[in-house]
2 protein chains.
Amino acid sequence: MGDRYLVGIDLGGTAIKMGICTIDGQILGELERPTPKGSYVDVLKTFRTMVDELLQGLGLTKNQLTGIGVGVPAFLDVKKGFVYEIVNLGWKNVSLKEELEKLFQLPCYVDNDANTAALGEMWLGAGRGSNELICLTIGTGIGGGLILNGHIYHGAIGMAGEIGHLPVRPVGGRPCNCGGHGCLETETSASAMVYYAKEAATKPGRLKELSDKMGTITAKDVIELAKQGDPASIQILDQVSYYLGLSLAQLANVLNPQKIIIGGGVSKAGHFLLDRVRTHFIHFAIKKIGESTEIVTAELGNQAGWLGAARLVQQRLE
Amino acid sequence: MGDRYLVGIDLGGTAIKMGICTIDGQILGELERPTPKGSYVDVLKTFRTMVDELLQGLGLTKNQLTGIGVGVPAFLDVKKGFVYEIVNLGWKNVSLKEELEKLFQLPCYVDNDANTAALGEMWLGAGRGSNELICLTIGTGIGGGLILNGHIYHGAIGMAGEIGHLPVRPVGGRPCNCGGHGCLETETSASAMVYYAKEAATKPGRLKELSDKMGTITAKDVIELAKQGDPASIQILDQVSYYLGLSLAQLANVLNPQKIIIGGGVSKAGHFLLDRVRTHFIHFAIKKIGESTEIVTAELGNQAGWLGAARLVQQRLE
């Protein structure tokens, strides 16, 4: 049988990231391709081509693979590997695990991409050595994953981990596309920062200057200006930190995680953001929880998704 | 070997509740005794006397027992069965599992009493058939337990499930003895209801009349007056329901439980309270979570604790 390798795939709305690694998580090769628009069949074809390309480049054959894991931006039945819907790709009701196993003749496993990213961080990133993690990825939206007892936690109908939809600001919060309002996502995502920055840019100041000059403002701009001392930008960061710290304390007081891992674009603000989040977190957390819970930034970046997807295979076979 | 029976013990600050049941949860006998004040040694002696009494009454012998489970109102190391502290009983650093096994020469298991109550409800109560539960007991304080994947979830250092200390009212909430403020416990426990009722009783109305007549007000009074249509009492119930509904949505959006089980004195308000809680819950929950999560009252009352403790034995041996 010889060596056994794992393939992980991170299916995104714009790109497919794929990699191959050993069962110990040593990365042997990676590939990225644009996600084909159209039927899921085209995506599966691309998967196949990419796997072949990866194997060929490494001088490996398919029978040296243990299996393939895929993270998808979808609501799905994890056990069956059945995807109910991927809005961004127009998928509906795809028996993805079945189709993958037909195509590759290998054990294939499918999970939500925020979950695989969390698993990746536990395996090889900021969560190494921890079995209890709350992970969130703060970008345009907020994705979340819970690792409990060393495994992705799915909940009753597979929806667990939707940290972005924790209603942290019930009064005065903005409406959310989940049907709720004042969700963590509407208050602390990159889009939320841009929203509040545009609001601030109606008054004179550096945000207005930037907005007038560039025609727009990004979350990165807000973070940059805050670091430079701009009061309106600092106020936005403070507000984001407050709601992040509060919501994380709400969760941590009940879940008692070892670590909270924050990834995504907004986490690039680094200590500037995290120190503020930590202050609010400690304020609202039970003393022992405040003392024992580490809040750290994600380490794997774009690789977390496919690495976690690869790890899925290993975990399911264990 | 013959039949195998389980003993469950619920160690409370004022009473010890103990029972014996079959591995299928059929109750054979129950006992209740006041909790001895003083050293833990006295409590162990009482355990021993009670077990002997139960066995004798049923014509059973100790070697027909599979093991003994104990729920304690403590922060503890569950794996080691080591109790750090039971404030109400003045216990500190007791190797309870070890002491119990020395005393009974049987496998013994120890867990937090809110956790065993949750496990009891899953096994034989309102959570039968569900593997994913959020349980809370609303009395003087609020106890909580999470059942995830069919087992008590303990978190990184055994503190998971402290639902009473979810900071649900960060602005305007009362300080909590956990070090935080605006906790679910300070806003929705029986004590909280009494606090808000006494506040309301400074103004003319039925709460004031009752308070003047009786010299005090209980949570039961507030519920009763609310049911009779007293506006001030209804307002207190509404506020309690709002914070309960909100906090449960905050948790359910992330944990995706099958059911939320509410027990304890306050839950005796029944539909009058639960319908209000549900309305707020649905308002703040992700649509699918709002639709799929049942909120129900606990069924086992005082038996939940010892039954769950008995179940501990069975689960650990499985």
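Reply: I begin with a criterion: a salt bridge is a side-chain nitrogen of Lys or Arg within 4 Å of a carboxyl oxygen of Asp or Glu. Please note that the model is predicted.

Me: Why is the pair Asp52(A) and Arg48(A) called a salt bridge?

Reply: The N to O separation between the side chains of Asp52(A) and Arg48(A) is 3.5 Å. The cut-off is 4 Å, and Arg and Asp are among the residue types that the definition names, so the pair qualifies as a salt bridge. Over all chains, the structure holds 21 salt bridges.

Me: What makes Asp52(A) and Arg48(A) separated by about one helical turn?

Reply: Both belong to helix α1 of chain A, residues 40-58, and they are about one turn apart because four residues separate their positions in that helix.

Me: Which kinds of pairing are counted between chain A and chain B?

Reply: The salt-bridge count between chain A and chain B is zero. Residue pairs in polar contact, both at pLDDT 80 or more, number 12. On the side of chain A that touches chain B, β10 (142-148), α8 (231-255), α9 (271-284) and α10 (287-292) each supply at least two residues. The largest share, eight residues, comes from α8(A). By class, this side of chain A has 25 nonpolar, 14 polar and four charged residues.

Me: How much area do chain A and chain B bury between them?

Reply: The two chains bury about 3,400 Å², with 66% of it on carbon and sulfur atoms. Of the area that chain A buries against chain B, 18% is supplied by Tyr153(A), Val254(A) and Asn256(A), more than by any other three residues.

Me: Why is α3(B) called roughly perpendicular to α11(B)?

Reply: Helix α3 (residues 113-124) and helix α11 (residues 303-317) of chain B pack at an angle of about 80°, with their axes 7 Å apart. Angles of 65 to 115 degrees count as roughly perpendicular, and therefore α3(B) and α11(B) are given that description. Their contact includes Trp123(B) of α3(B) and Arg311(B) of α11(B). By class, the contact has nine nonpolar, five polar and two charged residues.

Conventions. Residues are numbered from 1 along each chain as its sequence is written. Chains are lettered from A and ligands numbered from 1 in the order in which they are written. This is a predicted model: local features need pLDDT of at least 70, side-chain atom pairs count only at pLDDT 80 or more; totals for chains, interfaces and linings use all residues. Side-chain values use heavy atoms; hydrogens and water are left out. Buried area is the accessible area (1.4 Å probe) that two parts lose on being put together, summed over both. A polar contact is a pair of N or O atoms within 3.5 Å; within protein, one must be able to donate a hydrogen and the other to accept it, and residues adjacent in sequence count only if both atoms are side-chain atoms. Ala, Val, Leu, Ile, Met, Phe, Trp, Tyr, Cys and Pro count as nonpolar, Asp, Glu, Lys and Arg as charged, and the others, Gly among them, as polar. Axes are lines fitted to C-alpha atoms, for helices over the stretch in contact, and angles run from 0 to 180 degrees between N-to-C directions. Angles under 35 degrees count as roughly parallel, over 145 as roughly antiparallel, 65 to 115 as roughly perpendicular and the rest as oblique. Contact means heavy atoms within 4.5 Å.
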